[in-house]
Amino acid sequence: MMFDFAIIGAGPAGSMAALQLAKLGYSVAVFEEHPSIGKPVRCAGLVSEHVIKMHNEGIINEIKGAVVVFPDGKEVVIGGDKTHAFVIDRYIFDASLAEKAMAAGAQYFLGRKIKKILEREYFEIEGIKARYIIGSDGPNSMVAERFNMGKIKFFNAIQGYGRYDVDEGFVKIFLSNEIAPGFFAWIIPAERARIGLATVKKNIRFYFNSFLKKIDAEVEEITAGLIPFGLRKLASKKVALAGDAAGQVKATSGGGIYAALMAASTLAKHAENFREYEKEYMVGVGKELKRCILIRKVLNKIGDRGLNKIAGIVEENIGLINKYGDIDYPSIVIKEILKRHPLKYTIQAMRIVG
Ligand SMILES: Cc1cc2nc3c(=O)[nH]c(=O)nc-3n(C[C@H](O)[C@H](O)[C@H](O)COP(=O)(O)OP(=O)(O)OC[C@H]3O[C@@H](n4cnc5c(N)ncnc54)[C@H](O)[C@@H]3O)c2cc1C
């Protein structure tokens, strides 16, 4: 059997690419290692309105704001005025997206973990031939490895579900290098709260257990996962990466669904011209992802003392944060703040960074 595109991995990136390409009339084969789509879930499921506009299935809660707990214990409330984000059921989200792609004509091969891709004048995967390959096979992408598309680093993440008394419409974020070195911990309100953390450290269970003890919570169905840090090469002539496989995740928050869906749509727009996909993506969403990497590096350099000082800047600029805050483009609000007080915050930033 010969297909135009073989897509490895049926997460949001793979299924959105399959949907868009099938709609354009291409023949698409999607390979997924698991026997069903969307499981196991390794995600907090917090997404923006941009995501919901692209695929609006599986919404279970609306988020109006965030309570940010700084290392010294100070709590700052952001938002509260309107819906800023949504909590989704990732299983429903992924499965319904795959169903749409199937309805558009994409053919899914489930329970097929791809280990080998042969390259002749076409590609060959388990007896199926394709003209182009899309690697949407998550952080440990075999496609990236097979076609030498670069190495990236990772944060380690862990999450469980538990009963925890939080305000329905607010996520709670804990910034502290004692709790989650190099990243943060979260509590996301849903029918069962999603409690988790990510860190640069390897012994994640130790940090997770300490965090659960600190907030006096118990969780079940614990899953661990990787959050990419850094971007891989996005494309060569006939092979492209999308989503976590490409490292398309915000290093500030670990959120990757928006970046993955945007990658898939841009890819489909430039089907058969993958280099144009890379170009367009890197002047748009990719640019923001690079900014997020820079912000993360600064946050990780300043340590807890620096983070405590940022609490003051956040409080002083709540109005701007509520107006310009966009979870998919965190650099926008930083620019707005700097635009209004360039000297004051440049001096403060220099002091914080040291
Ligand atoms: C704990 C945690 C919490 C997160 N919370 C959020 C959040 O709140 N909001 C947000 O936007 N993002 C979040 N993310 C990130 C988000 O989950 C990812 O960015 C998103 O899933 C990327 O989608 P994807 O399609 O690129 O990859 P994935 O969803 O990882 O899908 C890849 C698919 O490829 C399959 N696969 C892998 N290898 C093979 C192979 N060799 N053969 C066949 N199939 C294969 C996998 O089984 C999987 O189904 C979180 C991540 C973690 C770890």
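Two strands count as paired if DSSP finds at least two bridges between them. On that basis, seven strands make up an open sheet in the order 6-5-13-14-15-12-16, and the pairing is mixed. The model is predicted.

- Strand 6 and strand 16 are the edge strands, and each of them pairs on one side only.
- From one strand to the next, the twist averages 20°.
- Strands of a sheet pair through backbone hydrogen bonds, in either a parallel or an antiparallel way.
- Strand 5 (residues 65-69) is mostly covered, with four of its five residues buried.
- Strand 5 runs antiparallel to strand 6 (residues 75-79), and five bridges join the two.
- Within this pair, A66 stands opposite I78 of strand 6.
- Strand 5 and strand 6 form a hairpin with five residues between them. G73 sits in the turn and has a positive phi of about 95°.
- Strand 5 runs parallel to strand 13 (residues 170-174), again with five bridges.
- V68 has I173 of strand 13 as its bridge partner.
- Strand 12 and strand 15 (residues 193-199) run antiparallel and are joined by seven bridges.
- A157 stands opposite A198, which belongs to strand 15.

- Three strands form an open sheet in the order 3-7-4, with antiparallel pairing.
- Its edge strands are strand 3 and strand 4 (59-63), each pairing on one side only.
- Strand 4 and strand 7 (residues 85-88) run antiparallel, with four bridges between them.
- I59 has I88 of strand 7 as its bridge partner.

**Helix packing**

- The axes of helix 1 and helix 3 (residues 90-103) come within 8 Å and cross at roughly 20°. Angles under 35 degrees count as roughly parallel, so helix 1 is roughly parallel to helix 3.
- This crossing of helix 1 and helix 3 is left-handed.
- Helix 1 and helix 6 also have axes that come within 8 Å, and these cross at roughly 30°. Helix 1 and helix 6 are therefore roughly parallel to each other.
- Helix 1 passes helix 6 in a right-handed crossing.

**R296 in helix 8**

- R296 lies in helix 8 (residues 285-316).
- Why does R296 count as partly exposed? It has 19 C-beta neighbours inside 10 Å, and a residue needs 20 or more to be buried.
- R296 and M282 are 14 residues apart in sequence. In space, their C-alpha atoms are 19 Å apart.

Definitions and conventions: Residues numbered from 1 in each chain as written. Predicted model: local features only at pLDDT ≥ 70, side-chain atom pairs only at ≥ 80, totals over all residues. Buried ≥ 20, exposed ≤ 12 C-beta atoms within 10 Å, placed from the backbone. Axes fitted to C-alpha atoms, helices over the stretch in contact; angles between N-to-C directions. Parallel < 35°, antiparallel > 145°, perpendicular 65-115°, else oblique. Left-handed = near helix turned anticlockwise from the far one by under 90°.
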